[in-house]
Protein chains: 2
Amino acid sequence: MEQDAEPSSPMNRRELFTLIGRVAGTAAMYQAMSSLAFAAESTFDPRFGLQGAPRGASVLILGAGLAGMVAAYELRKAGYKVQILEYNNRSGGRNWSLYGGDVYTELGGFTQHVGFDKGLYLNPGPWRIPHHHRGILHYAALVGATLQPFIQINYAAYLHSTRAFGGKPQRYRSIKADYEGHVAELLAKTVQQSRLDQSVTKEDQEILLESLRGFGALDENFRYGKSLEASSRRGFDHPPGGGLDARPTPSDPVGLSDILKSQLWRALAQSNEHEEQQTLFQPVGGMGMIGRKFGELLKEVIRYDAKVTRIDQNESGVTVSFVDAKKGGAPQTAQADWCVCTIPASILSQIPISVSAPMQAAINAIPYAASCKVGLQMKRRFWEQDEDIYGGITYTDQANAMIAYPATDYFSSGKGVLLGAYTFGRPGEEFTALAPEDRVKLAVELGANIHPQYRTEFDTGASVAWHRVPWTLGCFGGWTEERRAQHYDNLCQIDGRIVMAGEHVSMIPAWQEGAVLSSINAITRLHQRIMQG
Amino acid sequence: MEQDAEPSSPMNRRELFTLIGRVAGTAAMYQAMSSLAFAAESTFDPRFGLQGAPRGASVLILGAGLAGMVAAYELRKAGYKVQILEYNNRSGGRNWSLYGGDVYTELGGFTQHVGFDKGLYLNPGPWRIPHHHRGILHYAALVGATLQPFIQINYAAYLHSTRAFGGKPQRYRSIKADYEGHVAELLAKTVQQSRLDQSVTKEDQEILLESLRGFGALDENFRYGKSLEASSRRGFDHPPGGGLDARPTPSDPVGLSDILKSQLWRALAQSNEHEEQQTLFQPVGGMGMIGRKFGELLKEVIRYDAKVTRIDQNESGVTVSFVDAKKGGAPQTAQADWCVCTIPASILSQIPISVSAPMQAAINAIPYAASCKVGLQMKRRFWEQDEDIYGGITYTDQANAMIAYPATDYFSSGKGVLLGAYTFGRPGEEFTALAPEDRVKLAVELGANIHPQYRTEFDTGASVAWHRVPWTLGCFGGWTEERRAQHYDNLCQIDGRIVMAGEHVSMIPAWQEGAVLSSINAITRLHQRIMQG
């Protein structure tokens, strides 16, 4: 937590709470109590702010992504002269949405003219914001982005394997119910037959049994089977209705062995992971709205189309050479007292930079993950109209990995853009090797195995393969534990007059919160260093 | 399903699908395939419609709730002359929102002047619509209500018991993680020590073990303990951050015995129930928007303030006596060939009605559930600002049963209305016995045990105790299995010229879908009866 670095007088907790309560009111007091004594949800403190920059002190910021813009905003507010150099002709970096009319050229020269209808978009990078990512939520509000719920868990979405159930997708609700039902039944049997671990007291065993009945929708004999209770979890053959002929008929659960062999349970825990726990949000109009609005706020200090070619520093300051990314021409230079560098390490490792050997080694050590997203515009929202799927994610063992349904414009009779593929790691490599139009084609082909409607409803597509994105050459800093142990702290150090920020300089890689928190941490330390003289 | 009652020529499934595909396109074909061969999500068919009413035939409908308005809309469309008599001076029935400025008087004479700010509301009755409730979703769209997501599962909301953890609320995420972690570890131990049920093959045991690791966030030795994996489910002591001092520190799980004895696991399965499975919706502006807009659509045929006092029928028609609910005066009568009666059985059992003995017995047999909701306006949205809770539900063993957070106006700096109590059954009786202002007072007092901010932030409240609502005397038809077996089919019959509809005439009691589907079933059969002459 960045405050740890600030000097503080010794004070016990009660005194501290009282002081905070007096100064900042009950909200701040509650926050302080939470973050110190109770479950800490985030290290971000909304009261964050720097003050009192030395007169005339300047900071050059490389990159107008979230880390760079947070640094620029906060340092400017503290009184620094700031300037941002940005390679692209837009702000946001990986905070980015592709809209109809956009033109995007990836490494290798493939150019896509995005053909989505007005209002529809693909978020090639981040697409959801967890409720506990207070940093990015704070800046989203600050720049005026409106947030709406992102649907992570949808019991009506599918789990799909080409090798299970004859390739037929299964509803999330039924796999979840059957897996948990069988697990509960197995453990209940063990308890009932006194085969449970000795360490559980008789009293606890009774409570455990009772809890398993509720957890697994077990019947009075602690069996999981064809029953209305189980069907109220997994779905009915004939759901309850009204009037005559309304009685529900239960469905047949899938047997334990088939559930296990299907491997579909693999996706069940996904939404229990900290970053994917409901409630989540997304900006209305696309994730890129945050970066766009942030850029408008900072428009006086961002220089676009500036491709950094060299970063020099000496005792008195930092000099950065850059060329116009569009027009080329002779190198220009920008100078400042200090530098916050948010250029992804994948790019930065190719730019001459005067830093210490440990810092250079750290920059060179971070592998960047390949990842690909494909957006598919469909002529109608068949997933809603035919299949009762509103938002959420279908997981598949095919190379497209998932299909995500738009968490916006529900019940619209118009078109919609599906996330038709979001690949990472192994099976996804099929995608990254392809040209954009073939990635779209493959996503359609694979998706049609789950939604046959693709064959008639597909309209147009767009895709971003991150290792071919000219300004990142990869999706995010894919640290291994070993490399992090060796290099991470070195990467975080203020190296002379340069400090690094970005998701790769955080313990929350690939998430916008990592970029925001790394930036706050970096500029807090930088400001302290400067103030110490 | 209502279609079963329609005559159909014998046709095999493939022929049927082909025919449907040719006539109605792929959407209809997919729906037909789904509902016949695959997981049936709903018995509602969006293509529903009646046609060809006999010239001059008329239907009198009692009640302008959802069942009554669906009947009126569809019968009018089919060519019937329809009229609705409604006791209240508004449409919607239990589809109802209370706004600032509303005045509501309950039985016993207590009058509340609702003081909520503009745009804020309490839904005293239904407040969420499951994604598979196709009937109510269909009519919500038809009347022009805009829907937005309702948040059911929120991992940041609390589970609370006065008798566990010293009365301190626990985050949903931590109880869920710890309960599932311990269950997974217990079963994994059983597998590893060959104490599992004989019926599971060795091969399946291996897969089971692997699955339990993911399910329970177990470590490499299949233990659930203090680890980053477990903390990424239950929350960290120090969550991951950016830059230096960003490394996460894991939190201590609660032991099995404490988790079991806490009884907090009781609430974990709630969101797995069919009606509460994500995705869910709510109308923008309050649930009552559906009833209001539906009423506007039918304004020519609804007579408000009509208190039915007697229902007579003979060979040639139905005569209903009513008095003006506001002005009183002499009884008036309305007549029609047929009658759809949606008056709740709790009220109808007190009205003279000429029906058969079995129907009268059915009407008298349905017990109505007492239930109470309390809306509490707070001066600021502290659950969001202090505690990262956006929508969702906190469950407690106190009499208020739950606190639900508004799934609208997220991040607003203004006021917000919490659902401060939603009681049913036993502990809730404390509320139903109180006067409205004391119900609000109790909800504030109990809620402050979970959110101490209540003490400074509470602004104004309103409450509805359903057994005191003059036009329902209860919340919904709380059928027991025995009573349903004896009376339900009788209640559904067309009794001479009268047919019943409403949630109490459905297998989905208390849900709006029950009202809609019962109405469709009733008018479908009524129309058939009429067409048969």
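Residues are numbered from 1 along each chain as its sequence is written, and chains are lettered from A in the order in which they are written. In this predicted model, local features need pLDDT of at least 70, side-chain atom pairs count only at pLDDT 80 or more, totals for chains, interfaces and linings use all residues, and side-chain values use heavy atoms, with hydrogens and water left out.

**Exercise 1. Cavities**

Find how many cavities of 30 Å³ or more the structure holds, and describe the largest cavity.

*Solution.* 
Step 1. Start with the idea. Rolling a probe the size of a water molecule over the atoms shows where empty space is left.
Step 2. On a 1 Å grid over the protein atoms alone, a cavity is a set of points where a 1.4 Å probe fits but cannot get out; lining residues have an atom within 4 Å of a point. The volume is the space filled by probe spheres set on the points, which are joined across faces, edges and corners.
Step 3. Count. There are twelve cavities of 30 Å³ or more.
Step 4. Take the largest cavity. Its volume is about 270 Å³. The lining has 21 residues, and A:Tyr121, A:Asn123, A:Pro406, A:Ala407 and A:Val417 lie nearest the centre.
Step 5. Name the elements. Strands S6 (121-122) and S20 (416-424) of chain A each give two or more residues to this lining. S20(A) has the largest share, four residues. Strands here are DSSP runs (E, at least two residues), and helices are runs of H or I with at least four; both are numbered from the N terminus.
Step 6. Sort by class. The lining has twelve nonpolar, six polar and three charged residues. Ala, Val, Leu, Ile, Met, Phe, Trp, Tyr, Cys and Pro count as nonpolar, Asp, Glu, Lys and Arg as charged, and the others, Gly among them, as polar.

**Exercise 2. A second cavity**

Which residues are the closest to the centre of the second largest cavity?

*Solution.* 
Step 1. The second largest cavity holds about 160 Å³ of space.
Step 2. It is lined by 18 residues; A:Tyr155, A:Lys176, B:Tyr172, B:Lys176 and B:Asn272 are the closest to its centre.
Step 3. Helix H4 (172-192) of chain A and helix H4 (172-192) of chain B each give two or more lining residues.

**Exercise 3. Two copies**

*Solution.* 

**Exercise 4. A salt bridge**

Which residue forms a salt bridge with A:Lys415?

*Solution.* 
Step 1. Look for a side-chain nitrogen of Lys or Arg within 4 Å of a carboxyl oxygen of Asp or Glu.
Step 2. The partner is A:Asp117, with the closest N and O atoms 3.7 Å apart.

Notes:
1 Å grid on protein atoms, 1.4 Å probe; cavity = no way out; pocket = protein on both sides within 12 Å on 5 of 7 lines; lining within 4 Å.
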